[in-house]
Amino acid sequence: MNYLEALEALKNGKDVEYFTGGEWWSLTGLHILYVLLGEDAKFRLKPSKRAVTVNGKTFYSEVDKPEHSSIYYIPDISSEDMYFRAKWINDNFDNRCLERGIVFLNKEDAAGYAKAVLGIE
């Protein structure tokens with residue numbers, strides 16, 4: 001999404017995010033002017049989230065497919081870090097994880113989900 005599309009989405013009341021420093025940030029307030037008047041930026045509509053509760057703890061997984069080649073995390077109870085880092089290539093594995101509600105855009109949520117499955121802190 002380019003900056004004109006981002007402006008149009010904002011005008012239509014959509015939540016827009018911009019990419020900087022390896023993370024996605026909400027495009028709100030003064031950030032709008034700073035980002036839109038600055039260097040070329042990468043934009044997207046803010047992804048929808050689904051509430052998933054495991055052993056009384058709620059996590060928010062992705063509903064929409066991440067952008068191609070973006071990094072995402074899934075819970076992995078066999079890993080020391082409790083998550084698996086993957087790159088979205090829209091294959092069967094990616095889509096199966098999305099359907100099962102275990103695609104997270106940060107490792108903390110994926111690890112927290114895995115810990116909740118095991119009942120540990």
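Is Y113 buried or exposed? I looked this up before anything else. Y113 has a relative accessible area of 13%, and the cut-off for buried is under 20%, so Y113 counts as buried. I note here that the model is predicted.

**Entry: the chain as a whole**

I listed the secondary structure and got four helices and seven strands. Along the sequence they follow the pattern α-β-β-α-β-β-β-β-β-α-α. Of the 121 residues in the chain, 35% count as buried. I then took the contacts between residues at least 6 apart in sequence, and 50% of these join residues at least 24 apart. The chain exposes about 7900 Å².

**Entry: contacts of Y113 and the cores**

I went back to Y113 and left aside its neighbours within four places in sequence. The remaining contacts of Y113 are V52, V54, F59, P75, I102 and F104. I next looked up the largest nonpolar core, which has 16 residues. Y72, V103 and Y113 are the residues with the most contacts inside this core. Strand 4, strand 6, helix 3 and helix 4 (107–118) each supply at least two of its residues. There is also a second, separate core of five residues, among them A6, A9, V16 and L27. As background, nonpolar side chains in soluble globular proteins tend to be buried together.

**Entry: aromatic pairs**

I searched the whole structure for aromatic pairs and found five. One of them is formed by Y73 and Y83, with 5.5 Å from centre to centre and 80 degrees between the planes. That pair is edge-to-face. It links distant parts of the chain, with Y73 in strand 6 (residues 71–75) and Y83 in strand 7 (residues 83–87), ten residues apart. Y73 is buried, at a relative accessible area of 14%.

I then checked F104 and Y113, whose ring centres are 5.8 Å apart. Why is this pair called tilted? The planes of F104 and Y113 stand at 55 degrees, and an angle counts as stacked under 30 degrees and as edge-to-face over 60, so the pair is tilted. F104 is buried, with a relative accessibility of 1%. I also noted that ring pairs link F59, F104 and Y113 into a cluster.

**Entry: helix 3**

Which residues of helix 3 (residues 92–99) are buried? I found D94, N95, C97 and L98. On the face turned away from the buried side I found the exposed residues N92 and E99.

I looked at both ends of this helix as well. At its start, a side-chain oxygen of D91 comes to within 3.3 Å of the backbone nitrogen of F93. Helix 3 is followed by G101, which has a positive phi near 75 degrees.

**Entry: E67**

Where is E67 found? I located E67 in the loop between strand 5 and strand 6. E67 has a relative accessibility of 28% and counts as partly exposed. I also took the separation of the C-alpha atoms of E67 and I89, which is 8.6 Å. These two residues are 22 residues apart along the chain.

Key:
Residues numbered from 1 in each chain as written. Predicted model: local features only at pLDDT ≥ 70, side-chain atom pairs only at ≥ 80, totals over all residues. Heavy atoms only, no water. Phe/Tyr/Trp six-rings, centres within 6.5 Å; stacked < 30°, edge-to-face > 60°. Buried < 20%, exposed > 50% of the residue type's maximum accessible area, 1.4 Å probe, protein only. Polar contact = N/O pair within 3.5 Å; in protein donor to acceptor, adjacent residues only side chain to side chain. Core = buried A, V, L, I, M, F, W, Y, C linked by side-chain atoms within 4.5 Å. Contact = heavy atoms within 4.5 Å. Areas by Shrake-Rupley, 256 points an atom, 1.4 Å probe, with all protein chains shown as cover.
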